Amino acid sequence: AKMGIRFRAVGLTLFLSTMLFSLTISASNDSLVRVGLKKLKQDQNNRVAARLESKEGEKLEASIRKYHFRHRHGYTTDTDIVELKNYMDAQYFGEIGVGTPPQNFTVIFDTGSSNLWVPSAKCYFSVPCYFHSKYKASLSSTYKKNGKPAAIKYGTGAISGFFSEDNVKIGDLIVKDQEFIEATREPSVTFLVAKFDGILGLGFKEISVGNATPVWYNMVKQGLVKEPVFSFWLNRNLQEEEGGEIVFGGVDPKHYKGQHTHVPVSQKGYWQFDMGDVLIDGKESGYCSGGCSAIADSGTSLLAGPTTLVTMINHAIGAKGVVSQECKAVVEQYGQTIIDLLLAEAHPKKICSQVGLCTFDGTRGVSGGIESVVDEKDGRSSGLHDAMCSACEMAVVWMQNQLRQNQTQDRILKYVNELCERLPSPMGQSAVDCGGISSMPSVSFTIAGKVFDLSPKEYILKVGEGAAAQCISGFTGLDIPPPRGPLWILGDMFMGRYHTVFDYGKLRIGFAEAA
């Protein structure tokens, strides 16, 4: 039988909503198990916390702009994308039970990580633990001691603790002897105001901290599901109580229309796949025509992608951004030269090294790699060199895009200069005019040769009602270099419009219009 969990959308927890849980469990005739959650309106504290978090996030700017994957603690380099996660913007939560009898926890079902963790009763010194349910091993008859230390670092904070083993109840399934982390330290503001207790990761074992076997693997191995498939349906009708459903063991035909478009998993770790170009108002941006990667990530509501492309989207939707003086300087000093080189059909990836702003490593421009390391002591020269190289690389892509549209050279320089004022703030969101939503363009992603559109009402987050409403672009900048990047993270904004099937048996992901 198909097993499912219904969980409630929790407002726009970019500024987390306050929630009041009331548990209603009912087995239904289609044998899906529903767990309903209720919500209250968001409060001011969550907005303050969200702002604190984005300030913390800005400190990560340097590492995120030119993201380096490092081998730490012997984990694969893949675990590092988890470090960028900021659960302040997660919207969907469900309930699980840990232990016998089950101790209940509200968790984010997160396809972008692979561990299960909940707060521990042994969490004495972190304030957030006092605001959440805590796991008490002594109350469970199926607890098995493990004790191996564990730590997970996220974009805005970290958790640490130790591994334990116990049974985990999901819907009416019992997963036996599941390894999970008891969190004893949660030093981040995120976890203080968060309306969830922990995270249940649904990614692959390759990115599991401590090489712990993920819950989903055990569900399959213990024969608890009919098929090695799980699927997400996220209810986008804000008027309805029900937030959505995750179905373990198959799909519910009531959740989608038409057929799924399938794409193979290109790299195990995340649910990662290859995608084609991104279209703005039906026009190709050209940035991903040579291929980009994407991750389907239920642990975020946002759409994160290369700054170059997010800036073009910001400009098209009128989103306010950050003014980059380095970018303006590049346009002023080198703009005409870059256009001339493009018209002379120079190799676009070599142009920024030809004008002396980057060094070319054979595949792409790099920001004076070796000297940057030497310069890190004073930080200034390497930072400027980095910024000028990045700005040049972005300008080349923007100019190529405009030349393809046969724009005049004056118009191109003006357009690129405007884009220099629309860069997305690192880790942050860009505000838009709520009154202009109806006239904003669609943004589309090409997956397996099919175009998947998102309309403005799907990619704009609206916080509050009436005159006090704020509208925020769901697009945020994330720069991950090759070979792992350029990379898009498609969160709940995409998964809400498109019912998503995670097919572990055939190692593929399916997308269909959500019902």
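A residue counts as buried when its relative accessible area is under 20%. With that cut-off in hand, here are some notes on this predicted model.

1. **His 499.** Let us start with the residue that needs the cut-off. His 499 has 0% relative accessibility and therefore counts as buried. Its place is in strand S28, which covers residues 498-503. The side chain of His 499 makes a polar contact of 2.9 Å with the side chain of His 260. Leaving aside residues up to four places away in sequence, His 499 also touches others, including Ser 231, Phe 232, Trp 233, Val 251, His 255 and Tyr 256. Further along the chain, Gly 510, Phe 511, Ala 512, Glu 513 and Ala 514 are among the residues that His 499 touches.

2. **The mixed sheet.** An open sheet is built from 5 strands with mixed pairing, and their order is S14-S17-S27-S18-S26. Strand S14 (272-275) and strand S26 (475-477) stand at the edges with a single partner strand each, so each has one side left without a neighbour in the sheet. On average, neighbouring strands here are turned by 25° against each other, direction ignored. At the S26 end, S18 (residues 303-305) runs parallel to S26, and 3 bridges join the two.

3. **H6 against H11.** Two packed helices are described by the angle between their axes and the distance between the axes. For H6 and helix H11 (residues 409-419), these are about 100° and 9 Å. The two helices are therefore roughly perpendicular to each other. On the H6 side, the contact involves Thr 311, Met 312 and His 315, which meet Tyr 415, Glu 418 and Leu 419 of H11. Sorted by class, this contact has 3 nonpolar, 2 polar and 1 charged residues.

4. **The antiparallel sheet.** A second sheet to check is an open one of 3 strands, in the order S21-S25-S24, with antiparallel pairing. Its edge strands, S21 (431-432) and S24 (460-463), each pair on one side only. S21 pairs with S25 (residues 470-473) over 2 bridges, and Ala 431 has Ile 472 as its bridge partner in S25.

5. **Strand S4.** Is S4 (residues 94-98) mostly covered or mostly open? Mostly covered: 5 of its 5 residues are buried. In a regular strand the side chains alternate between the two faces of the sheet. In S4, Gly 94, Ile 96 and Val 98 point one way, while Glu 95 and Gly 97 point the other way, and all are buried.

6. **Partners of S4.** Which strands pair with S4? S4 runs antiparallel to S5 (residues 103-110), joined to it by 5 bridges. S4 also pairs in the antiparallel sense with S8 (residues 157-170), over 2 bridges. Val 98 takes part in both pairings: its bridge partner is Gln 103 in S5 and Val 168 in S8. The hairpin of S4 and S5 has 4 residues between the strands, and there Gly 99 takes a positive phi near 100°.

Conventions: Residues numbered from 1 in each chain as written. Predicted model: local features only at pLDDT ≥ 70, side-chain atom pairs only at ≥ 80, totals over all residues. Heavy atoms only, no water. Pairing = 2+ DSSP bridges. Axes fitted to C-alpha atoms, helices over the stretch in contact; angles between N-to-C directions. Parallel < 35°, antiparallel > 145°, perpendicular 65-115°, else oblique. Contact = heavy atoms within 4.5 Å. Nonpolar A, V, L, I, M, F, W, Y, C, P; charged D, E, K, R; others polar. Buried < 20%, exposed > 50% of the residue type's maximum accessible area, 1.4 Å probe, protein only. Polar contact = N/O pair within 3.5 Å; in protein donor to acceptor, adjacent residues only side chain to side chain.
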